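Please read the following report with the structure open beside you, and look up each residue as it is mentioned.

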Amino acid sequence: MNNILITGGCGFIGSNFIRYLLANSNYRVVNLDCLTYAGNLENLISVETNPKYKFFKGNICDSSLVSEIIKNEKIDCIINFAAESHVDRSILDASIFVQTNVLGTQTLLESARKTEIKRYIQISTDEVYGSLGAEGYFTETTPIAPNSPYSASKAGGDLLVRSYVETYNFPALIMRCSNNYGPFQFPEKFIPLIIANALNDKAIPLYGDGLNIRDWIFVEDFCRAIHCVLEKGRIGEVYNVGGNSEKNNKELVKIILERLNKPESLVTKVTDRLGHDRRYAIDYSKINQELGWEPLCKFEEGIQQTIDWYVNNKQWINNVCSQRYLDYYARNYKGLEK
Ligand code: NAD
Ligand code: DAU
């Protein structure tokens with residue numbers, strides 16, 4: 001049995017991945033998370049008592065804690081999900097993004113390279129490639145050109161990973177994925193925000209002309225891709241992952257409101273995000289051809305599962321972010337009256 005260290009396991013993708021791995025493999029999972037506003041122990045209640053699961057509250061920037069965990073828990077593999085992940089917040093204040101996404105990554109790499117780690121996976125993002133026009137796709141050889149402080153900090157992390165592979169022969173890989181959606185996503189991100197606001201008959205802020213495009217992937221498909229790369233990915237390589245499901249923001253809101261039987265009048269145009277990337281689209285042929293992975297969940301199915309989950313877990317939404325917080329966020333960051 002291998003011992004795997006998951007960092008940021010109490011967030012959206014990390015918690016989905018931990019549940020997925022415990023259900024579909026024999027790994028013993030150690031989760032290190034400092035529980036920022038986005039990290040929530042409630043996300044992992046279903047595995048809390050699993051003997052193959054252990055939680056440490058702590059920061060990836062704490063090198064002695066990270067080294068202790070790697071040694072004491074006999075860690076063989078690390079997957080780094082821990083990050084500040086929201087673009088809008090990075091525009092307001094980039095410093096914590098640099099701390100966690102750049103320095104935190106470097107701390108993990110430095111602690112891990114002094115051990116017998118077999119594999120390290122950096123969970124990165126398609127945003128490091130910048131923005132596309134109407135045509136074309138990001139491939140693994142697309143030059144890095146991040147446009148937001150968030151994506152710049154993620155690109156910084158990626159470059160450090162690359163340098164540890166080249167300099168120390170460190171066994172790392174990088175995964176760059178498009179926009180995930182699904183259960184347990186914090187309602188500051190667009191899809192859960194639309195659902196949470198619509199359920200409360202509150203305004204839904206649509207940035208700019210609403211024509212920015214994202215390639216949406218159901219989180220379980222990404223979890224399967226990470227598992228594939230963990231088992232079979234080639235050391236030193238980058239793997240792009242996408243959902244084959246491009247939608248502009250206007251059509252996305254319309255689909256969700258229709259399914260919730262809520263009026264389109266809830267949509268409120270607000271000032272555009274600064275430096276708003278126009279389009280992301282992923283060419284995932286490398287992971288498909290090398291490792292046999294492809295997205296399996298059609299958008300129509302994934303979005304219905306997601307909506308159903310939020311409708312059935314209203315208490316979760318209330319627990320992770322109080323209405324007061326959402327109102328404050330809407331007033332101050334999005335220009336909505338309330
Ligand atoms: P999230 O914000 O939901 O979760 C981040 C988790 O990291 C939280 O549990 C938080 O408490 C923890 N964390 C933050 N700083 C930490 C620190 N210094 N030490 C320890 N733990 C810390 O994020 P997410 O959406 O689940 O994203 C996970 C990873 O996937 C991130 O690296 C993100 O850049 C990447 N990614 C996300 C998406 C997406 O659509 N959500 C797409 C591609 C890549
Ligand atoms: O592409 C991968 C990235 O996807 C990840 O690396 C990030 O961690 C993740 O947050 C996500 O970034 P985006 O900025 O694309 O996601 P977000 O949900 O914030 O926004 C999706 C689109 O919706 C984007 O074009 C901005 C728009 N939007 C967003 C919000 C929050 C709105 O129009 N209104 C909103 O209130």
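## A buried glutamate and its helices

In this predicted model, Glu73 touches Asn3, Arg28, Val30, Lys54, Phe56 and Glu68, when residues up to four places away in sequence are not counted. Glu73 itself is found in the loop that lies between helix α2 (63–72) and strand β4 (77–80). Is this residue buried or exposed? Its relative accessibility is 8%, and because buried means under 20%, Glu73 counts as buried.

Two packed helices are described by the angle between their axes and the distance between the axes. The table sets out these values for two pairs.

| Helix pair | Crossing angle | Axis distance |
|---|---|---|
| α2 and α4 | roughly 40 degrees | within 9 Å |
| α6 and α8 | about 40 degrees | 10 Å |

With angles under 35 degrees counting as roughly parallel and 65 to 115 as roughly perpendicular, α2 and α4 are therefore oblique to each other, and their crossing is right-handed. On the α2 side the contact is made by Ser63, Val66, Ser67 and Ile70, which meet Thr107, Leu108, Ser111 and Ala112 in α4. Sorted by class, the residues of this contact are four nonpolar, four polar and no charged.

The second pair joins helix α6 (residues 190–199) to helix α8 (residues 249–260). These two helices are therefore oblique to each other as well, and the crossing of α6 and α8 is right-handed. Here Phe190, Ile191, Ile194, Ile195, Ala198 and Leu199 of α6 meet Asn249, Leu252, Val253, Ile256, Leu257 and Leu260 of α8. The contact of α6 with α8 has 11 nonpolar residues, one polar residue and no charged ones.

A further helix, α5, runs over residues 149–168, and its 20 residues reach 28 Å from the first C-alpha to the last, which is close to the 28 Å expected at 1.5 Å a residue. Which residues of α5 are buried? They are Tyr150, Ser151, Ser153, Lys154, Ala155, Gly156, Gly157, Asp158, Val161, Tyr164 and Val165. Among the elements that cover these buried residues are the helices α3 (87–92) and α4 (95–113), together with the strands β5 (119–125) and β6 (172–177). After α5 comes Asn169, whose phi is positive, near 60 degrees.

Notes:
Residues numbered from 1 in each chain as written. Chains lettered and ligands numbered in written order. Predicted model: local features only at pLDDT ≥ 70, side-chain atom pairs only at ≥ 80, totals over all residues. Heavy atoms only, no water. Helix = DSSP H or I, 4+ residues; strand = E, 2+ residues; numbered from the N terminus. Expected span 1.5 Å × (residues − 1). Buried < 20%, exposed > 50% of the residue type's maximum accessible area, 1.4 Å probe, protein only. Contact = heavy atoms within 4.5 Å. Axes fitted to C-alpha atoms, helices over the stretch in contact; angles between N-to-C directions. Parallel < 35°, antiparallel > 145°, perpendicular 65-115°, else oblique. Left-handed = near helix turned anticlockwise from the far one by under 90°. Nonpolar A, V, L, I, M, F, W, Y, C, P; charged D, E, K, R; others polar.
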